[in-house]
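The sequence and the model come first.

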Amino acid sequence: MNETRPESMASFWMPFTNNRDFKANPRLLVSAQGMYYKDVDGNTVLDGTAGLWCVPCGHAQPAIVGAIREMVGQLDFAPTFQMGHPAAFDLAEQLMDYTGHKFGHVFYTNSGSEAVDTALKMALAYHKARGEGGRTRLIGRERGYHGVGFGGISVGGIGTNRKGFGPLLPGVDHLPHTHDLARNAYSRGEPEHGANLADELERIVALHDASTIAAVIVEPVLIPPKGYLKRLRELCTRHGILLIFDEVITGFGRLTTPFGADYFEVEPDLMTAAKGITNGMVPMGAVFSKKFIHDAVMDAPAGIELFHGYTYSGHPLACAASLATLAVFKEQNILENAAAIQPYWEAAVHALKGLPHVIDLRSIGLIAGIELAPIAGKPGARAFNAFRQAFADGLLIRTTGDIIALSPPLVLEKRHIDELFDKLTKVLKNLD
């Protein structure tokens, strides 16, 4: 791999990036091991975000690296349209085990965005197969993020992700968000206030009629108030609406359990996953489906039952990486380590209370959100300044608006937590 600076950065149009700022002040990573990156200048950078939430087992896990090497030498590619290869079926069985057999089937995609669009299409296909083709309306939630496909940004509730791309999908509505800074600031785990906001689904049903609504999609990582998800489950069941959990972030241990559905003890009908499914080494996503949804779509005339899929669905390298990731989770007790260290993590997060500009701290599992007071007339600028300062000091964080998000690899130790929050404390104390 080339570990020198590129001669030119002009040709790469970078995703979700202030391209002009980055290319004037580049941050280039060239290697990674365990809890750390190394940049092009040889500096060590503590990974406070598990890459992009996608490296739960830490970087360069030897077993996963080895599995990918072995597979690429054996089977570089195999189609899964009217064909197959053993690893795709072996992985599906192991994923059923990992999800506690709460689902009957898994459909492979290549990313979380594709998984979301796939789940939405499955919901529509299910209702049509049952003779309820009028159920076409999709319900998302304000502030929700569901990837960048047209389906995902339509049900998503982040204005900046939507406003530049036209009218999007028709027939979409949104539940109100549950973020309540006035009543729920500095929450540890599920906030106390806001379960009643799930009842807004009744208002949407009254407005549109349940017979027009196919599915509700929410991401458990937007920390739900106590009882909120269970109430949403009850209402969806009552009205024949499918409930989709977008677990692209919460899946594979982020909340110290296999999935958010396990943590909150609420079972969705469809569940998306990606990121940690391969420890970030090979792109892959998945949709888990209840058996009744699959069986309804399969009850069709002879031929292709679901006209949907991707060239790289179930790619051999991704399957090898995922099988090895599941083995690492088990053999290295990844979930047990996450659960054991979570109280120390939570205490470190909330020890930031009272630092300059900090107006809220919220945590659940091994996730933390640190909300900063915005600079007047410059939303997002203060948190982005923190991001740049942190990287210069050897710490990778992520920001969205004026919120710092932390989501470290699940293999972290107390010494990593101490290092992370020592660095972050210095950054926050020196912010303008």
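## Terms and basis

Buried means under 20% relative accessible area, exposed over 50%, and partly exposed in between (1.4 Å probe, protein chains only). The model is predicted: local features need pLDDT of at least 70, side-chain atom pairs count only at pLDDT 80 or more, and totals for chains, interfaces and linings use all residues. Residues are numbered from 1 along each chain as its sequence is written, and side-chain values use heavy atoms, with hydrogens and water left out.

## Salt bridges

A salt bridge is a side-chain nitrogen of Lys or Arg within 4 Å of a carboxyl oxygen of Asp or Glu. The count by this rule is 18. In one of them, K102 meets D262 with the closest N and O atoms 3.0 Å apart. K102 sits in the loop between α4 (86-98) and β4 (105-109), while D262 belongs to helix α11 (residues 260-264), 160 residues apart. K102 is partly exposed at 28% relative accessible area, and D262 is partly exposed at 23%.

E267 and K290 form another salt bridge (2.5 Å, N to O). E267 is in the loop between α11 and β9 (270-273) and K290 in the loop between β10 (285-289) and α12 (291-298), so the pair ties together parts 23 residues apart in sequence. E267 is partly exposed at 37%; K290 is buried at 12%. R130, E132 and R135 are linked in a network of salt bridges.

## The four-stranded sheet

Helices (H or I, at least four residues) and strands (E, at least two) are DSSP runs, numbered from the N terminus; two strands pair if DSSP finds at least two bridges between them. An open sheet of four strands runs in the order β11-β12-β15-β14, with antiparallel pairing. Its edge strands, β11 (358-364) and β14 (398-400), each pair on one side only. β14 and β15 (residues 403-406) are joined by three bridges, and R398 stands opposite A405 in β15.

Contact means heavy atoms within 4.5 Å. Axes are lines fitted to C-alpha atoms, for helices over the stretch in contact, and angles run from 0 to 180 degrees between N-to-C directions. Helix α16 (residues 414-429) packs on the sheet, touching β11, β12 and β15, and its direction makes about 170° with that of β15.

## The α9-α10 pair

Helices α9 (residues 200-208) and α10 (residues 228-239) pack at about 25°, their axes 10 Å apart. Angles under 35 degrees count as roughly parallel, over 145 as roughly antiparallel, 65 to 115 as roughly perpendicular and the rest as oblique; α9 and α10 are therefore roughly parallel. The contact is made by L201, E202 and V205 of α9 and L232, L235, C236, R238 and H239 of α10.
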